[in-house]
Amino acid sequence: MASVAAQYLPILLFLGVALLLSTAFVVLPMVVSRLTGSYKPTTDKLSEYECGFPAFEDSRAQFDVRFYLVAILFIVFDLEAAFLYPWAVSLKEIGWTGWFAMMGFLAELVLGFVYAWKKGALEWE
C-alpha cells in the first residue's frame, strides 16, 4: 500500500506547487496594491467599461443566434485542421486504412459544410 501511495507523490507535489503558485499570483497583486496605496476605488474605476466605451445596454440582452453558429462552425473546421496534421505526419505508418478513414472524415466535413452553406448559415445580413 505504501508503494502505491509513493507512486502518487510526484503528482501530489505538482498539484501542491500549482495550487500555491496560482494562489500567489492571484492574492499577491491584491495585497501589494493595498500595501503600496495604489488601491483607491472611485466611481469611475468601478463603473462598467467595455470595448473602449461605457456600456449603454442591459448586459442580459439577447444575441443573434448567428454569432453562436459562426463560433460553432469555426470550432468544427478548426478541429478538422487539428486532425489533419497528425494524420499527414503518420500516413506511412497507418497505411491505406488510415487514408480511407481520413477521406471518410473529410467527406463528412464537406457534407456538413455544404449543408451549412445551403441553409444560409454562412450568409450575413
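This is a predicted model: local features need pLDDT of at least 70, side-chain atom pairs count only at pLDDT 80 or more; totals for chains, interfaces and linings use all residues.
Me: Which helix has the lowest confidence, and which the highest?

Reply: Confidence here is pLDDT, the predictor's confidence in each residue, from 0 to 100. Over the chain its mean is 83, and 89% of the residues reach 70 or more. The lowest mean, 76, belongs to α3 (residues 43–46), while the highest, 93, goes to α2 (residues 9–36).

Me: What does helix α4 reach from its first C-alpha to its last?

Reply: α4 covers residues 65–89, which is 25 residues. The expected span of a helix is 1.5 Å times one less than its number of residues. For α4 that expectation is 36 Å, and the helix comes close to it, at 37 Å.

Me: Which residues of α4 are buried?

Reply: Buried means under 20% relative accessible area, exposed over 50%, and partly exposed in between (1.4 Å probe, protein chains only). Of the chain's 125 residues, 8% count as buried. In α4, the buried ones pack against α5 (91–118). They are Leu73, Glu80 and Trp87.

Me: How do α4 and α5 lie relative to each other?

Reply: Their axes are 10 Å apart and they pack at about 165 degrees; axes are lines fitted to C-alpha atoms, for helices over the stretch in contact, and angles run from 0 to 180 degrees between N-to-C directions. The contact (heavy atoms within 4.5 Å) includes Phe77 and Phe83 of α4 and Met102 and Leu106 of α5. Angles under 35 degrees count as roughly parallel, over 145 as roughly antiparallel, 65 to 115 as roughly perpendicular and the rest as oblique. The two helices are therefore roughly antiparallel.

Me: Which residues is tryptophan 99 in contact with, leaving aside its neighbours within four places in sequence?

Reply: Tryptophan 99 sits in helix α5. Its relative accessible area is 30%, so it is partly exposed. Alanine 88 is eleven residues from tryptophan 99 in sequence, and their C-alpha atoms are 9.2 Å apart. With those neighbours set aside, the contacts of tryptophan 99 are Trp87 and Leu91.

Me: Is alanine 121 buried or exposed?

Reply: You'll find alanine 121 in the segment after α5. Not counting residues up to four places away in sequence, alanine 121 touches Leu69, Leu73 and Ala116. Leucine 69 is 52 residues away along the chain, yet the two C-alpha atoms are separated by 7.1 Å. Because its relative accessibility is 12%, alanine 121 counts as buried.

Technical notes:
Residues are numbered from 1 along each chain as its sequence is written. Side-chain values use heavy atoms; hydrogens and water are left out. Helices (H or I, at least four residues) and strands (E, at least two) are DSSP runs, numbered from the N terminus.
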